Amino acid sequence: MVNFDMEKNEQVDCAICGNEKAELLMQTQNIHGAKLLSKESFNLMKCQRCGLIYLNPRPKGRREEFYGLNYYNSCISSANSMESYWTAYVNLKKRRMLKEYKQKGKMLDVGCGAGDFLAVFKNDEFDLYGVEPSFLGYSLSSKKIKGTIFKDKIINCGFAEEYFDVVTLWHVFEHMDNPNQELSEINRILAAGGLFFISVPNANSLGFKMSKEYWFHMDSPRHLYNYTPATITNILNNNGFKVIKIVFPSFEYPLDFYHSLLNKLGRDRIIRAMLMLPVFVLSFIVKSIFSWFRVSETMVIISVKKN
């Protein structure tokens, strides 16, 4: 196990059960998607009581070191690419899913980024709100949607109690360093019977089990927690939410399993070039059946505030 500089890192206990005892699953590096950003190592631990997977120790007071402009620039660089069209398609599917449960009301998107998700509701009967701490994301979303955007963390916004009918977090929850505090605040501002949508990487996925530290969605140290269907259900239940459905999409990120497999093959350019096409074909074939077996790379959890 790596010896960590505890002036730059902090120890944490399990966020679900408070247990101090955890086993080392693997050591990860600062990989964002398919890019190795640095060789700094991190311990990925698994709680021996409830099974929560999390970084421990984790960076302390070093957010800017790992969330630089390059992390947010994808909001701009992909604006005219095929990726932007796929993002729009995925967001329209999320909109359709959400409207199966709620057709109007006040909706808050936490970590709204460039505002792409909120933008697909422009012609619907929703009052739109967003929270985005990054300046770039805040600037983009403020220009893109007709709604109210706050440049801050949700716990600092001071929303009124039971103000929102729907709250969403699309691939944000795994970044939160104090998930119980965030969930408590969301529960406070969500109306009785209000809906809560979360999407996170699925640590019970085939990609996680096969690729391990090279998993596309590992994203250490930005992803502080890696949830499974069981652990995400437990932490939501602990904070006043009842899970009503978990959806396992096959193609939320169409190339995630492909990049996981390539990452696993190593950095040799010749080998990667030779295997790129067969790995691409294989990944698309198997991804199409992942949702049937609940082992897709990501999952969407739909919950309701308990009365």
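Predicted model: local features only at pLDDT ≥ 70, side-chain atom pairs only at ≥ 80, totals over all residues.

Colleague: Does Gly 115 count as buried or exposed?

Modeller: Buried means under 20% relative accessible area, exposed means over 50%, and partly exposed lies in between (1.4 Å probe, protein chains only). Gly 115 counts as buried because its relative accessibility is 0%. A contact means heavy atoms within 4.5 Å. Leaving aside neighbours within four places in sequence, Gly 115 is in contact with Ser 141, Lys 144 and Ile 145.

Colleague: And is Lys 122 buried or exposed?

Modeller: Lys 122 counts as exposed, because its relative accessibility is 66%. You will find Lys 122 in the loop between α5 and β7 (125–131). Its C-alpha atom is separated by 7.0 Å from that of Lys 146, although the two are 24 residues apart along the chain.

Colleague: How should I read a sheet, and what is the strand order in the open sheet of four strands?

Modeller: Strands of a sheet pair through backbone hydrogen bonds, either parallel or antiparallel. Here, two strands pair if DSSP finds at least two bridges between them. The open sheet of four strands runs β2-β3-β4-β11, with antiparallel pairing. β2 (22–32) and β11 (225–226) stand at the edges with a single partner strand each, so one side of each has no neighbour in the sheet. Ten is the number to look for between β2 and strand β3 (residues 35–47), which pair in the antiparallel sense over 10 bridges. For example, Thr 28 has Phe 42 in β3 as its bridge partner.

Colleague: What about the inside: how many residues are in the largest nonpolar core?

Modeller: A nonpolar core is a set of buried Ala, Val, Leu, Ile, Met, Phe, Trp, Tyr and Cys residues joined through side-chain atoms within 4.5 Å. The largest one has 49 residues, and Phe 196 is one of those that touch the most other members. Strand β10 (residues 190–201) gives this core its largest share, four residues. A second, separate core has 18 residues, including Trp 170 and Val 300.

Colleague: Which residues are buried in helix α9 (residues 229–238)?

Modeller: In α9, Pro 229, Thr 231, Ile 232, Ile 235 and Leu 236 are buried. Their cover includes α7 (179–189), β10, β12 (241–247) and β13 (298–305). Just after α9 comes Gly 240, with a positive phi of about 90°.

Colleague: How many residues of helix α10 (residues 256–265) are buried?

Modeller: Helix α10 is mostly covered, with seven of its 10 residues buried. Among them are Phe 257, Tyr 258 and Leu 261. Gly 266 follows α10 and has a positive phi, near 105°.

Key
Residues numbered from 1 in each chain as written. Heavy atoms only, no water. Helix = DSSP H or I, 4+ residues; strand = E, 2+ residues; numbered from the N terminus.
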